[in-house]
Amino acid sequence: MSSRHAPGAGGPAPRGPLVARSGVAPETSRLYLGGRGCGTMGPPSRETWAQRLGAFRASPSAFMAGPEGEDLGRDLLIELRSEKLSEQTKVSLLALSLEYPAQLWPDAAAAEAAATSLLDTLVLLPPRPSALRRPLLLAATTVLAAGDALGPTSGASRRLLPLLLGLASGRDLGRGFGPASEQRPLQATACECLRELESCKPGLLGDCLGLLRRLLGQEGPVQPLSLLLALALRNALVIRAKAKAGLQGLLVAGDAPTPGGPWNWALAEEGGAHPQPQAPSWPAAEDEECGLAVLEPSPEEARELRAAVAQLLDSSYLLTPVAQAQLLWLLGWALRGLRGQPPVLFKPQLVRLLGTAQLALLHAVLALKAAFGEALFTAQDEALLLRRLTLAAQHPALPLPAHLFYLHCLLSFPENCPLGPAGEEAAPLLLGPRLGRSLLPSLLHDPMALLARLHLLCLLCAEDEEEEKGQGWSPQRYLGELLAGLRQRADLDGGPRALAALCFQASYLVVRCLATQPLVLTPLTHGLAELYRARPALAPHFVDLLDRVGPELGEPLRAVLRQEVVSRAGRDEALRWHLKILAKVADGNAPSATLGFLRAAAAHCTDWGLQQALLRVCRTLMRAGVREGLADLLQALARQLDDPDGRDHARLYYILLAHLAGPKLGVALGPSLAAPALTSSLVAENQGFAAVLMVQEAPAPIRLSVGPRRAAGPGPVLQLQVEVLEPVFSLELRFRVQGQLYAPLDAVHVPCLRPGRPCSPLLLPLQPRLPAPTQLSVRALYATPAGLTCHAHLPPVPVNFEDLFLPFPQAPDDGDKQGFFEELWDSCLPKGAESRLWCPLGPQGLEALVSRHLEPFVVVAQPPTSYHVAIRLPPDSRLLLRLEAAQAGGVPVALRTDHWAVLPLAGDYLRGLSATG
Amino acid sequence: PFLKALLFELRLLDDNKDFVESRDSCSHINKTSVYGLVIGGGELWPVVAFLKNNMIYACVPLVEQTLSPHPPLISISGISQSFELLFGIQDFLFLGQKNDTELNTKLNQLPDLFLQACPFGTLLDANLQNSLDSINFASVPHPQKQPAWRVGTYKGKPQVSISITEKVKSMQYDKQDIADTWQVVGAVTCKCDLEGNMPNVTISLSLPTNGSPLQDILVHPCVTSLDSAILTSSSIDTMDDSAFSGPYKFPFTPPLESFNLCYYTSQVPVPPILGFYQMKEEEIQVKITVNLKLHESVKNNFEFCEAHIPFYNRGPITHVECKVSFGQLEVFREKSLLVWIIGQKFPKSMEISLSGTVTFGAKSQEKQPFDEICIGGTAYLKLHFRILDYTLTGCYADQHSVQVFASGKPKISTHRKLISSDYYIWNSKAPAPVTYGSLL
C-alpha cells in the first residue's frame, strides 16, 4: 500500500502519547461509562460495552482473533445510532474507532462500509447541538484513510469530500448540520480531516488551493486553514515538479468543485504515480534531491506563489507555537530549491522566532537554516542563531530535556560552510571558544547533559590541538580534572552502577574523540589504573572498555592493569575481579610475573568459579604463546585443584599445550562459538575447541580417479589421480577392500594439494588374496587452510579384473617362446579348467584389439591372425589365451587357467573387450 | 514489554546491581532524552521519554525519513513536537495541581484532550488547558480572526497583573584559586483579563540607574516583536561593552491564561548573602564553622531565611554541640541534617555565625542519606530564603509604562519577589565541585 495511514499519519507529529506513573502500567481506564445498565436482554448494555472494550484494549489483536472480534466493528456502528447510550459513551466508542481503525475494519471493503455507516449516522443526527458531529467526521476520515478506501471509486469518499469541503468553506449545509454555534468548530475539524486525507493522498486538494487562499483571507479559522493550505501547496509543488509540469494556474484556480459536482482526482492520481515524497534528508541543500529545481514557474506564477507564502507567513503569528513550527517545516520543504522564490520571505519571522524559548519554534528555524543555508542566513545571522542556541542549551528557565535537545542541535548544527564530513557530530565553526566554554561540563550536571557537554569539550580540545597552544586556559587540563572527578565518584563504595557507567562512558567518549592526544590519554590511563586499584569490582567495566577502545588507550591500559594485578598478593578479596581482568589483559609480556601471581592465587581459588577464572587466564596465556612455566603451572593445577571439573580442565589444557604446535593451539583456543557454560565449563568449552581438535565430517573437496594401468612390477599397482577444489593439507587417503579378497591396504599421504596444480599420480599396490575384481571404499582425512581437520567419504574406486593382470617376467627373450607358452598351457590341467569362447571383434580387427588390451602379455605373436597370451594373476594364478584363426566378426579363443574361478571372469572380460574397443 | 524496556533504559528497574552490557557498556552513550528500545527483538526508535515529578512521559513521534540508518534527531520535526506535547502534558497535570485526586481527574481527561489537541496524531496545541477550554467553550460563538492560542473571550473587569520572580543561585567556595559564582534568573508572569479578540499590550521592564542589565532573555511566543538589543544581550559574551540596560519593551497579544512573558538572567555585582563554611573531620565527629553576611544593599526583610547543613555518607547524628550568634538551630538526627533558622531579619551587624561539633553514630548502609558528590570532606550548606517586593537586579514593571490597547482602562497590579534556589556554600577545607565559571 502506498498511502500513509491515519491516525498519526497527518504530518510530522507525535503519536501515541503515553503517560505513566513510574512503575505503573499505562493502561489507565480510558473509558468512563457512567450510569446504570439497561437490563440483561436486548443490545449490549453499557457495562457489557465497558467490559468488551476493556478486553479489546488489553490486547486488540488477540481480541480480534477471538470469537467476539468479528462482530465488534459492526456492533459498534449499530450502537452509535442506539438511543439508549449517552453521547459520552458514543464518543468513547468513536475514540476507539479513531485509535484502532485498522483492527476493526481491516480491509478496504469493510472500511468503505464503516465510513458509509458513520456518514449516515452523522446525517441522521437531530439538528440540535451534539458532541458527536466532530468525532463522527474524524472517525469517517480515519476509517477511509486507514482502510486504504479513499479513492474515486469509493462512494463514501465521494460523499465525505464535498461534505468536508463545504464545512471547511463555511457554506450553509442546511438541515442536519447542527446549530450555527457549532459551525465554527466544525469548520476547523473539517479542515483537519481534509488535511489528513491530503497527507494520505497528496494532491487531493490540488484544485482547491485558490479556494483555501480566499478562505484564509476572509474570516476562516486561521490555524486549520493555514496548515491545510501549506500542506496542499507543498504536495502540489512536489507532484508538479516530479511530473516536470508547471503550476498551471493552480494557485489562482477559480472555484472549488461545485457541491454535488465530480471531484477532481487528477493531481492526486498524478501524485500516486510518483511515490509519496518523504521528508527530505538533512542537510540536503542539493536542489536535485527534492526535484523542485525543475519547476520553473512563470513570473506570474512565481508572484502568486510568493503571495500565497507571504499570506501564510503573515498570519502565522496567530497559530499555536507547535502549529507555527509545522507550517514553517512545510513551507521550508515546499520552497527549497524552487527558483525565483527567495527565502527572504521568511526573514521577517526570524527575529520573533529567535526570541522565544519554544523548542518547536527554534527547531523549525533550524529546519529553515538547513533548507536554505546562506540564502536566508548570513554569517552574522548564523552567529546569532548559534548564540541563541547556546543560550537556550543552558538557560536555567528551560527543562533538562530541552537543554539536551539544544545541545544535540549544536553538535549537528547545519552550518553554512561545514568543514567536516557530513553526518558527523562536530562543533560549529562559528561557535567560538567563548561560546563553547559556556557549555563546559561539570560534575554537577545530569549524566546526559554531562556527556553531551563533554562531547563538545572534546571537540574543542581536538581543535585546540590544531591551533597554537592556548594562553592560560587549557581545555585539556579542565578535561583531565573532570575525568578525575568522575573517577572519584565511580570509586565511591556502594555507589550506584550508573555512576561507574558514566565514568566509563565519559572515558570512552574522550578516547574516541582524542585518540591522538597523549596529553589526555596518559593521565587517563593512569587514572583508570588507580580507579581499578581502589575498586576492583569495576572489572566488568574495564573489560568492556578494553573491548571497545582502539589500541591508543587499549595497549597502555592493558599494560598498567596487568602490572596492577600481578603486583598484588594472590589472596585478595577481589581475586575474582583480578582474574577477570587478567584473562583480558594477560599476554606474552612478562609472563613470569603473571605466572607467579597465578601460582600464588591458585591456593585461594577454592570454589568452582574462581578456578574457572584462573583457568581462563591460563587459556589467555596459551593463546598468547606463553609455554615456559605455564606447563608446570597447569600440571600443578591438574593435581592441586579441589574441583574435578577444574582438574580436568587443567589437564586438558596441559595436554593441548604439550601436544599442539603454536598456530594450531591458537586456533583451538580461539573465540568459542559455544553457548556459555551450563554445568561444566569443560563441556561448554569443548564445544568450542572440540570443533577444532576433532575431526569434522565434510563434503570432500577431493576427486579421485584411476589412471592408466601399469602392468609391471611384482604385484598389481593402481595409479590414482587426485584433484582438489580448495587447498588441502596433510591429506591421508585410507582404503578398505570390501570382503577379504585383498590384504589390507596402506594409507597414502600427500602433504599438500592445491587446486589447478596437478600432483604426480599416487601408486596404490594391491595384494589380492584371490584373483578377483573388487571395489575400494575410500576415506580422506585432511586439514583445511583454517586449521580444521576434516574427514570425508569419497566415491568408491573400482578395481577391475584386468587391473590385476601381470606379465610373466621369466619369459625368455629369444628362442623358445612357443615352448614356454606350451609348457604353461599344459601345466594348467588337470587341476585347472579349460574353455573356448567366441570373442567378437570390432571393426578394427584382432591386431588392434590385442595391441590395445593385451600387448604386455603376448608371448607368441603371428600378426594378424594368431596370438598366444600368458597372464599372471596374483597371488598365484595364471590365465592363458590362444587367439587363432580370426575371422571378420570375431576370433575363437581357447583359454586355460589353473584356477577354475577365473574362467567366468575371463569370459566376461573377453566378451567385453570389443565393446570397450 | 514497552514499559519494561523503557524502565530498563531509564534505570528504573531494580536489577541495577550487576553490570549489564546493553545498558552499562561504555559505548552506550545517550546524550538526549530520545531512546531506542529493544522490544521483541526489534528496535523501537525514536522514543522521546523523560522522568519528571515521578511520572514518565513518553511519546513515539512519526519519522517521515528513511529509518535506516537513523537520521539525525535534528532533522526530524516530530522530535520537537513530541517534546512540546510532553511538556504540555506535564504543565497540564502539575500546574496548579493540589492533590492526587485532582491529578487522577486530569489523567482521566487526557484521552479526550488528545482527541481535541491532536486528532490525527498531529499536534494542534501543546497547551492542553486550552484544548480543555475549547471543548467547554464549544457552544460559544467564535469571533473572527483570533489567535489559535486564545480560546474564547474574557468578559468582565479589565485587569493586568504582572509579577516578577527572581531566583538567585550561588556557589561559594571561600578559596583563593576558585571564584565564587552567582546568578539571578528572573521570570515575568502575566495574567491579562482584557476584553476583545486581540487586545494589544506592551509591558516595559525598567531598571534603576545602578541596576544589573537583563541578559539571556527568552520571550513567550505571543510577543510580536523584539528589539535586537534584547535578542543579543547574553551572559555568554556581551557583543559590545555597553550593555543594554533597558527599558525592555515587550509588545504582545496576551493569551487568556496566566503565562510567562519572559525569562531572563542577570549578573549582579555581589551575592546577596556571602558566607563561608569550614568543616573538619575528626574521626567520628566533625567541627564546623559557618559565617554569613548579608550585603548592605539587600533589603533586610525576609519572609524566611534558613541555612540547611546536611551530612552525607555518614551515620546518624548522635550529638550536637553548637553555638549560634543569632537565630536557632534544629537537629534532624535521622536525616543527618542541621537547620539553622535565621528568621526575618539579620542583626544590625549584618553578620551571623555558627560553630560547634557534630558527632555521628555508626553508618548503617541503607538509612543514611547518600550523595555522590559529598564524599569525605566535600560538604555544603544550602541557604533557603525569600524576600517579598524586591528584586536583586532592581528590575520592575512600572504601572504607568504598561500600555493596553483595549476597551476600558484596566487595573494594573505588579508584584516582585526574590527567592533562593541552589544557593550553596561549600566547605572551604576540602575539594568542592566547580563549574567552568569558577576557574576564571
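This report walks through the aromatic pairs, a hairpin, the domains and the nonpolar cores of a predicted model.

## Aromatic pairs

Let's start with the rings. Over all chains, the structure holds 26 aromatic pairs. In one of them, Phe56(A) and Phe63(A) meet edge-to-face, because their planes stand at 90° with the ring centres 5.7 Å apart. Phe56(A) counts as buried, at 0% relative accessibility, and Phe63(A) is buried too, with a relative accessible area of 10%.

Rings from both chains come together in one cluster, where ring pairs link Phe405(A) with Phe50(B), Tyr57(B), Phe83(B) and Phe87(B).

Two charged side chains are also worth a look on your screen. In chain A, Arg882(A) places its charged end over the ring of Trp825(A), 4.4 Å from the ring centre. In chain B, Lys106(B) lies over the face of Phe92(B), at 5.1 Å from the centre of that ring.

## A hairpin in chain B

Strand S14 (residues 328–332) of chain B pairs with S15(B) in the antiparallel sense, over 5 bridges. Glu330(B), for instance, has Val339(B) in S15(B) as its bridge partner. The hairpin has 4 residues between the strands, and Ser336(B) takes a positive phi near 50° there.

## Domains of chain B

Chain B is divided into domain 1 (1–133), domain 2 (159–270 + 392–425) and domain 3 (273–389). Taken over C-alpha atoms, the centres of domain 1 and domain 3 are 39 Å apart.

## Nonpolar cores

The largest nonpolar core has 203 residues, and Leu205(B), Phe250(B) and Phe252(B) are those with the most contacts inside it. Helix H11 (residues 222–242) of chain A gives this core its largest share, 12 residues. Domain 1 and domain 2 of chain B each supply at least three residues to this core.

Notes:
Residues are numbered from 1 along each chain as its sequence is written. Chains are lettered from A and ligands numbered from 1 in the order in which they are written. This is a predicted model: local features need pLDDT of at least 70, side-chain atom pairs count only at pLDDT 80 or more; totals for chains, interfaces and linings use all residues. Side-chain values use heavy atoms; hydrogens and water are left out. Rings of Phe, Tyr and Trp (its six-membered ring) pair if their centres lie within 6.5 Å; planes under 30 degrees apart count as stacked, over 60 as edge-to-face and the rest as tilted. Buried means under 20% relative accessible area, exposed over 50%, partly exposed in between (1.4 Å probe, protein chains only). A charge sits over a ring if NZ of Lys or CZ of Arg is within 6 Å of the ring centre and within 35 degrees of the ring normal. Domain bounds come from an automatic or database domain assignment. Two strands pair if DSSP finds at least two bridges between them. Helices (H or I, at least four residues) and strands (E, at least two) are DSSP runs, numbered from the N terminus. A nonpolar core is a set of buried Ala, Val, Leu, Ile, Met, Phe, Trp, Tyr and Cys residues joined through side-chain atoms within 4.5 Å.
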